[in-house]
Amino acid sequence: MMSPENDVRVLRELAESVSEIAHLPVQNEKRHLWKSLNGLRPVRPMVWINELPWDELRENESELACVCEDPFAQKIEDRLRTTMYLWNHLRTDRVVDCEFTTPIIHHDTGFGIERSATLSNGSDYGLGSCDYIPIMRSLDDVERIQVPEITVDWEETERIHDRTMELIGDIIPVKMRGITHMWCAPWDILIQWWGIEELMVDMYDRPDLVNAGISRMMDVLLARLDQLEKHGLLDVGDNNHRVGSGGLGITDELPQPDYDGTHARPIDQWGTSTGQIFSEVSPAMHEEFCLRHEIRWLERFGLNCYGCCEPLHNKMSILRQVPRLRRISMSRWIDIDKASTELGTDYIFSYKPNPAVFAWDSWDVDAARGELVDMLERTRGNVVEIIMKDLTTCRHESQRIWEWCDMAVQVAEEYRY
């Protein structure tokens with residue numbers, strides 16, 4: 001099926017613009033900086049921003065408005081326009097590759113359990129919340145967690161790839177790519193069936209049940225991982241993609257020396273896990289009911305990241321047992337001095353600034369700068385990345401985010417090692 005003539009013209013013009021950006025020398029300079037950071041040889045702190053309030057940005061910015069008529073063409077257009085917008089306004093240490101990827105289409109039957117939740121409406125500047133109804137209260141409930149069945153739709157995969165090639169493939173290389181990175185957050189799933197209060201009590205009153213639940217969840221996730229590898233759905237994880245809740249995965253330590261160039265394995269990727277619901281749980285209980293089970297996943301991967309938005313400055317004593325651990329993602333609400341001492345130069349300190357700065361009634365870039373300067377002063381000697389994320393609003397003032405990005409890179413340049 002051919003796209004309308006105007007759609008083709010729009011896509012080709014955008015593809016040419018992205019290709020020009022991708023060929024700029026600065027892209028290789030940024031790749032080098034990320035390789036240095038990920039190899040614990042930092043040149044300076046790296047800066048990246050993601051998880052943006054796209055609904056607001058699309059309302060505010062005409063350059064993000066799609067004009068293609070054909071739905072397939074419009075999806076490509078949206079990706080190209082987004083790339084252009086990010087480069088023009090939210091550059092930070094972003095890297096633009098000279099390629100356009102198409103996915104391997106696959107389907108997952110799920111875990112066989114429907115969650116039950118009561119939704120509450122969010123505010124004008126928020127996402128709302130859910131109140132999950134506990135449904136996992138016995139060993140019989142645990143056994144209901146099923147291993148998903150993975151199937152691949154190669155016909156649809158080829159159709160998408162071939163049509164994308166026809167539209168822009170002579171301007172920018174089109175590459176079919178499998179899964180380069182996966183989260184493993186077993187308790188993020190389980191807690192929706194278990195209930196937060198119920199879990200906190202059960203760890204004390206019914207520890208065997210909690211261990212049975214997380215053990216079954218890991219069995220299922222690992223069986224799913226085996227299927228993904230068997231079906232050829234994995235791709236090498238050394239490229240321009242987010243690692244966990246941190247920065248980019250560009251590295252010269254992946255894939256493994258014995259990679260055959262075709263069949264990627266977990267050991268050729270970054271692994272990630274997190275136990276956010278255990279933020280206020282002791283290190284001993286975090287290890288007992290979470291980490292020791294997650295290690296079954298993490299030991300399969302070539303490099304690892306742990307954490308998301310939990311304060312882990314008090315838990316490095318247990319995290320050091322994670323094999324090939326390279327990146328620790330820390331909450332904004334940590335003891336920075338203790339975190340700095342605990343991490344040293346052994347791991348990347350993935351710091352999350354406070355995204356609430358974008359929701360203030362009055363934008364104050366100097367206050368946002370002050371937070372970064374204070375953190376970087378207190379982490380001199382660490383391997384640091386600054387990851388701004390979880391933005392739910394900019395109060396319909398896109399320039400707040402633009403100014404933060406420019407400021408953050410400027411501050412990072414002042415703290416070269």
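Is the crossing of H9 and H10 left-handed or right-handed?

Reply: The model is a predicted one. The crossing of H9 and H10 is right-handed. Helix H9 covers residues 207-230 and helix H10 covers residues 283-298; they pack with their axes 10 Å apart and at an angle of about 20 degrees. Angles under 35 degrees count as roughly parallel, and H9 and H10 are therefore roughly parallel to each other. On the H9 side the contact is made by Pro 207, Val 210, Asn 211, Ile 214, Ser 215, Met 218, Asp 219, Leu 221, Leu 222 and Leu 225. On the H10 side the contact is made by Glu 288, Phe 289, Arg 292, His 293, Glu 294, Arg 296 and Trp 297. By class, the contact of H9 with H10 has nine nonpolar, three polar and five charged residues.

H9 also packs against helix H8 (residues 196-205): the axes come within 6 Å and cross at roughly 115 degrees. H8 brings Leu 199, Asp 202, Met 203, Tyr 204 and Asp 205 to this contact, and H9 brings Pro 207, Leu 209 and Val 210. By class, the contact of H8 with H9 has six nonpolar residues, two charged ones and no polar ones. Pro 207 and Val 210 of H9 are listed in the contact with H10 and also in the contact with H8.

Glu 63 sits in the loop between helix H3 (54-60) and helix H4 (71-89). With a relative accessible area of 31%, Glu 63 is partly exposed. Not counting residues up to four places away in sequence, Glu 63 touches Arg 81, Tyr 85, Asn 88 and His 89.

Leu 233 has 0% relative accessibility and so counts as buried. Leaving aside neighbours within four places in sequence, Leu 233 is in contact with Ile 104, His 106, Ile 150, Val 152, Gly 178, Ile 179 and Leu 228. The C-alpha atoms of Leu 233 and Thr 180 are separated by 9.0 Å, although the two are 53 residues apart along the chain.

The loop between H9 and S9 also holds Pro 255. The peptide bond from Leu 254 to Pro 255 is cis, with omega near -5 degrees. Most residues other than glycine have a negative phi, and most peptide bonds are trans. On the phi side, Thr 92 is not a glycine but has a positive phi of about 40 degrees. Thr 92 is found in the loop between H4 and S2, and at a relative accessible area of 4% Thr 92 is buried.

For H6, the 15 residues should span 21 Å at 1.5 Å a residue, and the end C-alpha atoms are 21 Å apart, which agrees. The buried residues of H6 are covered by elements including helix H1 (5-22), H4, strand S2 (100-103) and strand S7 (174-177). His 161 is one of the buried residues in H6, at 14% relative accessibility. Beyond neighbours within four places in sequence, His 161 is in contact with Thr 102, Val 174, Lys 175 and Met 176.

Technical notes. Residues numbered from 1 in each chain as written. Predicted model: local features only at pLDDT ≥ 70, side-chain atom pairs only at ≥ 80, totals over all residues. Heavy atoms only, no water. Axes fitted to C-alpha atoms, helices over the stretch in contact; angles between N-to-C directions. Helix = DSSP H or I, 4+ residues; strand = E, 2+ residues; numbered from the N terminus. Parallel < 35°, antiparallel > 145°, perpendicular 65-115°, else oblique. Left-handed = near helix turned anticlockwise from the far one by under 90°. Contact = heavy atoms within 4.5 Å. Nonpolar A, V, L, I, M, F, W, Y, C, P; charged D, E, K, R; others polar. Buried < 20%, exposed > 50% of the residue type's maximum accessible area, 1.4 Å probe, protein only. Expected span 1.5 Å × (residues − 1).
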